[in-house]
Amino acid sequence: MGHQRAGHATSIDLDMETAQSVAGILHALATPSRVRILARLQDGPHSVGELTEAIGMEQSAVSHQLRHLRDLGFVTAERQGRHMLYELFDDHVAELIDQALSHAEHLRTSVPSHGGRRGAAAETGST
């Protein structure tokens, strides 16, 4: 069974603009390489070279993903000498990554006995 959210209303009425904004944020996290970059940036600013080495991706791929993350408002960049240092935009980004990681771990460790919507449909044979 899933966890209930303490102190939150059970229903939120979202307008279309807000729903699209949230969907865009979640879509940005749909790329594993972006999630890995953001997770690495949680421990502080890094250059493209440092991220390339830590994540094991090509430098051009890391630069490409960082450009997207900057455009999406997830990271900022500051020039230090000949290098650009990238860091998370703010603590909200770190919290978002932490929550996504926590949820993924929760699902990974509880799926076999999880009786949520997915499990209920499988038990009844409905789709």
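Where is the place of serine 47? Serine 47 sits in strand E1, and we'll come back to that residue in a moment.

A quick word on the model, everyone: it is predicted, so local features need pLDDT of at least 70 and side-chain atom pairs count only at pLDDT 80 or more, while totals for chains, interfaces and linings use all residues. Residues are numbered from 1 along each chain as its sequence is written, and side-chain values use heavy atoms, with hydrogens and water left out. Helices (H or I, at least four residues) and strands (E, at least two) are DSSP runs, numbered from the N terminus.

Back to serine 47. With a relative accessibility of 11%, serine 47 counts as buried; buried means under 20% relative accessible area, exposed over 50%, and partly exposed in between, using a 1.4 Å probe and protein chains only. Leaving aside neighbours within four places in sequence, serine 47 is in contact (heavy atoms within 4.5 Å) with Met84 and Leu85.

Now the sheet. It is open, with 3 strands in the order E1-E3-E2 and antiparallel pairing; two strands pair if DSSP finds at least two bridges between them. Strand E1 (46-47) and strand E2 (75-80) are at the edges with a single partner strand each, so one side of each has no neighbour in the sheet. E2 and strand E3 (residues 83-88) pair over 6 bridges, in the antiparallel sense. One to find on your screens: threonine 76 has glutamate 87 in E3 as its bridge partner. Helix H2 packs on this sheet, touching E1, E2 and E3, and its direction makes about 90 degrees with that of E3. For these angles, axes are lines fitted to C-alpha atoms, for helices over the stretch in contact, and angles run from 0 to 180 degrees between N-to-C directions.

Let's stay with H2, residues 32-41. Its buried residues are Ser33, Arg34, Ile37, Leu38 and Leu41. Viewed down the axis of H2, these fall within an arc of 135 degrees, so they line one face of the helix; the arc is that of the directions from the helix axis to the C-beta atoms.

On the H4 side, the contact is made by Val62, Gln65, Leu66, His68 and Leu69.
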